[in-house]
Amino acid sequence: MYHRQLYSEIAQLAPPTVDTTETAAIGAVQASFKCLAAGIIILTKSGRSAHLVSRYRPRAPIIAVTREPQTARQAHLYRGIFPILFKPPADAVWSDDVDHRVNFAMEVGKARGFFKSCDLVIVLTGWRPGSGSTNTMRVLQVS
């Protein structure tokens, strides 16, 4: 399948948006094509960020990390999303909690064969805890 061509057609047909979450999702998919990312890791509470990324049909698998069982179950209904239920309690320091969830996703991704050490992954997170704040994208190397 020509993922890049499909992405271009979908992005071209989509109306302009002012939604920061959708803009971040488009950017993550575009970045995954540009750097040949092995995966897209999304930290999500409601699952909306992962659903929006899935809409643009990235080549890379989407690993959605959530603490909500219902969100993990619903994510199975969308193309290319592999939900991971993160059960440990939240850390007191939010940035440390984000790092733990990203590292957990990398370990699960390596165990499932999605990527290996030295591959690049796109990480999509929010700037604060809770739903509706997804606007941060990072490109990380799998350790």
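Predicted model: local features only at pLDDT ≥ 70, side-chain atom pairs only at ≥ 80, totals over all residues.
Let's begin with the strands. Five of them form an open sheet in the order S3-S2-S1-S4-S5, and the pairing is mixed. The edges are taken by S3 (81-85) and S5 (134-141); each has a single partner strand, so one side of each is left without a neighbour in the sheet. On average, neighbouring strands are turned by 20° against each other, direction ignored.

At the S3 end, you can follow the pairing by residue. Strand S2 (residues 62-66) runs parallel to S3, and five bridges connect the two. Within this pairing, Ile63 stands opposite Phe82 in S3. Phe82 will come up again with the aromatic pairs.

## Helix H2 across the strands

Helix H2 covers residues 20-34 and lies across S1 (39-43), S4 (120-126) and S5, making an angle of about 20° with S5.

Which residues of H2 are buried? They are Thr21, Glu22, Ala24, Ala25, Ala28, Val29, Ala31, Ser32 and Phe33. These buried residues pack against helix H1 (3-13), S1, helix H3 (48-55), S4 and S5. After H2 comes Leu36, which has a positive phi, near 50°.

Thr134 belongs to strand S5. Is Thr134 buried or exposed? Its relative accessible area is 8%, and because anything under 20% is classed as buried, Thr134 is buried.

The side chain of Thr134 makes a polar contact of 2.8 Å with that of Ser49. Setting aside neighbours within four places in sequence, Thr134 is in contact with Thr20, Thr21, Ala24, Ser49, Leu124, Thr125 and Gly126.

## Val121 in strand S4

Val121 is found in S4. At 0% relative accessibility, Val121 counts as buried. Beyond neighbours within four places in sequence, its contacts are Ala37, Gly39, Ile41, Met106, Phe115, Arg138, Val139, Leu140 and Val142. From Val121 to Ala60 the C-alpha distance is 8.9 Å, while the two are 61 residues apart in sequence.

## Two aromatic pairs

The structure holds two aromatic pairs. In one, the ring centres of Phe82 and Phe114 are 4.7 Å apart and the planes meet at 45°, so the pair is tilted. This pair links distant parts of the chain: Phe82 sits in strand S3 and Phe114 in the loop between helix H5 (94-111) and S4, 32 residues apart. Phe82 is partly exposed at 32% relative accessibility, and Phe114 is partly exposed as well, at 23%.

The other pair, Phe86 with Phe104, is edge-to-face, with 5.1 Å from centre to centre and 65° between the planes. Phe86 lies in the loop between S3 and H5, whereas Phe104 is in H5 itself, so the pair ties together parts that are 18 residues apart in sequence.

How values were computed
Residues numbered from 1 in each chain as written. Heavy atoms only, no water. Pairing = 2+ DSSP bridges. Helix = DSSP H or I, 4+ residues; strand = E, 2+ residues; numbered from the N terminus. Axes fitted to C-alpha atoms, helices over the stretch in contact; angles between N-to-C directions. Contact = heavy atoms within 4.5 Å. Buried < 20%, exposed > 50% of the residue type's maximum accessible area, 1.4 Å probe, protein only. Polar contact = N/O pair within 3.5 Å; in protein donor to acceptor, adjacent residues only side chain to side chain. Phe/Tyr/Trp six-rings, centres within 6.5 Å; stacked < 30°, edge-to-face > 60°.
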